[in-house]
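Keep the structure in view as you read.

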Amino acid sequence: MTTDRILKLGRRLIVASFFVLALTGCWDRLEIEERAVVLGVSIDTVNPEEAEAEEDEVSHLQGSQPVPSKDMIRVAVQIALPGRIPLGPGESGGGGKGGAEKTVWVVDVVGHSLDDAIMNLQQQISSRLFFGHLRVIVVSEKLAEKGLENVNDYFRRNSEVRRMAWMMVSKGNAKELMVAAPKLERVPTLYLMSTLDEGIRMGKFPKDYIGIFWSNSSKKGQEGFLPYVEIKKEQNVEVKGLAFFRGSKMVGKSNPLQIAGYLGVKGINPAGYRVFVKLDGAPSTVMTAAAHRSSKIGLRIRNGKPVFSVHIAIDVNLEEKMGDKLHINDPKTLRRIELVQQEGSDKSYKEFLEMTQKLGSDICGFGEIVRSRQPAFWNRHVKTKERWQKMYKEVEFEVSTSIKIRRIGMKAK
């Protein structure tokens, strides 16, 4: 055999080997029709006696294996029905409860832990559960107050779960949000997701995906928070505030307007909240809308304790006036409006920070500011997350705001 023939044979073998490797690319494929695509998950607490009567012997034999002493949970999943999810604008929209029932299937089970409940669920579903398209996780307020250690552990270990999914705390039963049928969306989970995504775009809510929540909860000088929601009579969902956490336990909640307090302290834009401003001595009230925020946080150590100076600058637009005696074209009147709103903002921001201190939940990350700017003080006097949770209740805040009216609108004559 000549050298040329050996070289040609060698080239052919190399090319053939590439084809062989390419043919193995689909050896582990799983058709989408063979998967049960989970879009949403809800988790509630459940009465142990009721749950034990409902539970099947899937992960253990009753009476033969020790089980966790914690309360049992009820897990409901929202599974997409193949071929029923709308793909274009012509297929989107309401459809009421019937529309929701045609696009998704809600199944619930009980279990001693989240993994146990998912195993019980898989026993009832013919296709393999797939969490790659999971968009919303809803936990009840009662479960959040007891702690989300098991919930966080399970989903953080699951490689299919995206960090861009939303986790939220529901007032009342979390399963109600899985079976809700909002008229603006045929897929309930997508309505929940779009409610929060649009809130970010309109300046009503901070970006707080599940990955951000886990990251903040893991920091030594910061705590996590989640959206606190409630389902209303017309199957719509209201964002009622922030659910404050200390570690993995929910320790309190805010009202809707106090979300603006967090956004202002962090200087997050766009700004989208409106407030009433009542002038002293004048029978008129105006409504202003925040257009832009910026914040500057200073830190100094005084008497062995951190002192934070928080200055928040807000540009506002005059949206509405109530009363004919108020002349908004007068610069003095506009200045009075700015000073009155500034005084009210100072009070509301300080009350918001004092509330987080009372709960021991540093959701704004002031501890991380101490770690980065005063590392020697942190290493000597704080060191751990638990010690910062105690110290945070004693730190001092000096809050100041500046309000500037940029636009007063136009009026047709």
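How much space lies in the largest pocket? About 450 Å³ of space lies there. This is a predicted model, in which local features need pLDDT of at least 70 and side-chain atom pairs count only at pLDDT 80 or more, while totals for chains, interfaces and linings use all residues. Residues are numbered from 1 along each chain as its sequence is written, and side-chain values use heavy atoms, with hydrogens and water left out.

**The pocket and the cavities**

A pocket is found on a 1 Å grid over the protein atoms alone, as an open set of points with protein on both sides within 12 Å along at least five of seven lines; a cavity is a set of points where a 1.4 Å probe fits but cannot get out, and lining residues have an atom within 4 Å of a point. Grid points are joined across faces, edges and corners, and a volume is the space filled by probe spheres set on the points.

The lining of the largest pocket has 22 residues, and Leu257, Val275, Gly344, Ser345 and Ser348 lie nearest its centre. Two or more lining residues come from each of α10 (258-266), β10 (274-278), β11 (285-302), β12 (305-322) and α11. Of these, α11 gives the most, with 8 residues. Helices (H or I, at least four residues) and strands (E, at least two) are DSSP runs, numbered from the N terminus.

**Around helix α10**

Helix α10 is largely enclosed by the rest of the structure, because 7 of its 9 residues are buried (buried means under 20% relative accessible area, with a 1.4 Å probe and protein chains only). The buried residues are Ile259, Ala260, Gly261, Tyr262, Leu263, Gly264 and Val265. Their cover includes β7 (225-231), β8 (237-246), β11, β12, α11 and α12. After the helix comes Gly267, with a positive phi near 65°.

Ser254 is buried, with a relative accessible area of 7%. Setting aside residues up to four places away in sequence, Ser254 touches Lys240, Gly241, Leu242, Phe244, Ile259 and Met355 (contact means heavy atoms within 4.5 Å). The C-alpha atoms of Ser254 and Phe352 are separated by 8.6 Å, although these residues are 98 residues apart along the chain.

Ser361 sits in the loop between α11 and α12 (366-373), and is buried with a relative accessible area of 0%. Leaving aside neighbours within four places in sequence, Ser361 is in contact with Glu223, Gly224, Phe244, Phe245, Val251, Thr356 and Tyr392.

| Side chain | Backbone atom | Distance |
|---|---|---|
| Ser254 | nitrogen of Leu242 | 2.8 Å |
| Ser361 | oxygen of Phe245 | 2.6 Å |

**The nonpolar cores**

A nonpolar core is a set of buried Ala, Val, Leu, Ile, Met, Phe, Trp, Tyr and Cys residues joined through side-chain atoms within 4.5 Å. The largest one has 66 residues, of which Met168, Phe308, Phe366, Trp388 and Phe397 touch the most other members. Helix α11 (residues 331-359) supplies the largest share of this core, 7 residues. A second, separate core has 38 residues, including Leu114, Val151, Val169 and Ile210.

**Strand β1 and its partners**

Which strand pairs with β1 in the antiparallel sense? Strand β2 (residues 73-80) does, over 7 bridges, and Val38 stands opposite Ile79 in β2. Two strands pair if DSSP finds at least two bridges between them. Parallel pairing joins β1 to strand β4 (residues 128-130) over 3 bridges, with Val37 facing its bridge partner Phe130. Strand β5 (residues 136-140) also runs parallel to β1, over 4 bridges, and there Gly40 has Val136 as its bridge partner. Strand β1 (residues 35-45) is mostly covered, with 9 of its 11 residues buried.

Technical notes. Buried < 20%, exposed > 50% of the residue type's maximum accessible area, 1.4 Å probe, protein only. Polar contact = N/O pair within 3.5 Å; in protein donor to acceptor, adjacent residues only side chain to side chain.
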